[in-house]
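Hi,

Here's the structure I promised to pass on.

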Amino acid sequence: MALLEIDNIDVFYGDLQVIGNLSLSIEEGGITSIVGANGAGKSTLMNCILGEIKPRKGKILYKGENIASLKTFEIVERGIALVPEGRGLFPFLTVEENLILGAVSKEAKSKTRENLERVYSLFPRLQERLKQRAGSFSGGEQQMCSIGRALMAEPDVILLDEPSLGLAPIMVKTVVETIERLAENGYTIILVEQNVMTSLRISKKGYVLQEGRVVMEGLGTELLEHEELRKSYLGV
Ligand SMILES: Nc1ncnc2c1ncn2[C@@H]1O[C@H](COP(=O)(O)OP(=O)(O)OP(=O)(O)O)[C@@H](O)[C@H]1O
Ligand SMILES: [Mg+2]
């Protein structure tokens, strides 16, 4: 059975339907990419997995349990964490204070110290500046902080929504390497990226969304070679 199984969900904002009959299946381990044009519903899907918006119909099965009606903190406790679009840091809190907010469950809270050490060993840059306000950081450093905060929840699955958006090319490279490293460390990654080519290259599987529906799915390498996809999304 898949680790995370989205089964035929519909999602609305008021009367506006943005996701329709969407199903997808995420196996444990590795990176799965969700790609699609602006407004396709990628962020909505991520927020829906995290329980921030509820599907009007369908199921979201995580380790076999339907989590579709759970509260966000209950979903995070079960092992899913989001690195949101725009990073979602509190700019006036320090790096360390932002990180600590990621420890949601009792268990994660009790291991705050050792998890902070793990985050700092992954991102030494954060440790150097842990008393600094997050708002004073560069985009790339903020992204590290946001990923670090997700790790503080001790997740099995990490959802990343546009992690490289607005970053300088050199930082994009660092973020991509970080994501690959997380996958190597056994995390299951769901990645939404404007950088479609790079994202598919590092993914074992990809889904293409269009107007809230899955219009294509396949191995990352297959999608990279796909004529139609290359024309419409990769601009080649
Ligand atoms: N809070 C909201 N209220 C009403 N409509 C919304 C809301 N958030 C998003 N939408 C609409 O839902 C659709 C999907 O938006 P969503 O943000 O999920 O797309 P996306 O694929 O993440 O786009 P982008 O690539 O620009 O981040 C869009 O038409 C958007 O305008
Ligand atoms: Mg989005």
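The largest cavity is lined by Pro163, Val175, Val176, Ile179, Leu191, Glu193, Asn195, Thr198, Ser199 and Ile202 (a cavity being a set of points, on a 1 Å grid over the protein atoms alone, where a 1.4 Å probe fits but cannot get out; lining residues have an atom within 4 Å of a point). Two elements give two or more residues to that lining, α8 (169-184) and α9 (196-201), with α8 giving the most, three residues (helices are DSSP runs of H or I, at least four residues, and strands are E runs of at least two, numbered from the N terminus). The space inside the largest cavity is about 50 Å³, meaning what is filled by probe spheres set on the points, which are joined across faces, edges and corners.

By the way, this is a predicted model: local features need pLDDT of at least 70 and side-chain atom pairs pLDDT 80 or more, while totals for chains, interfaces and linings use all residues. Residues are numbered from 1 along each chain as written, chains are lettered from A and ligands numbered from 1 in written order, and side-chain values use heavy atoms, without hydrogens and water.

On to the ligands. Ser43 (OG) and Glu85 (OE) coordinate the magnesium ion (ligand 2) at 2.0 to 2.2 Å (donors are N, O and S atoms within 2.8 Å of the metal, or 3.2 Å for Na, K and Ca; water is not among the atoms, so sites may look incomplete). Ser43 sits in helix α1 (residues 42-49) and Glu85 in the loop between β6 (80-83) and α3 (95-101), so the pair ties together parts 42 residues apart in sequence.

Glu85 also has a polar side-chain atom 2.9 Å from an oxygen atom of ligand 1.

Cheers

Terms used
1 Å grid on protein atoms, 1.4 Å probe; cavity = no way out; pocket = protein on both sides within 12 Å on 5 of 7 lines; lining within 4 Å. Polar contact = N/O pair within 3.5 Å; in protein donor to acceptor, adjacent residues only side chain to side chain.
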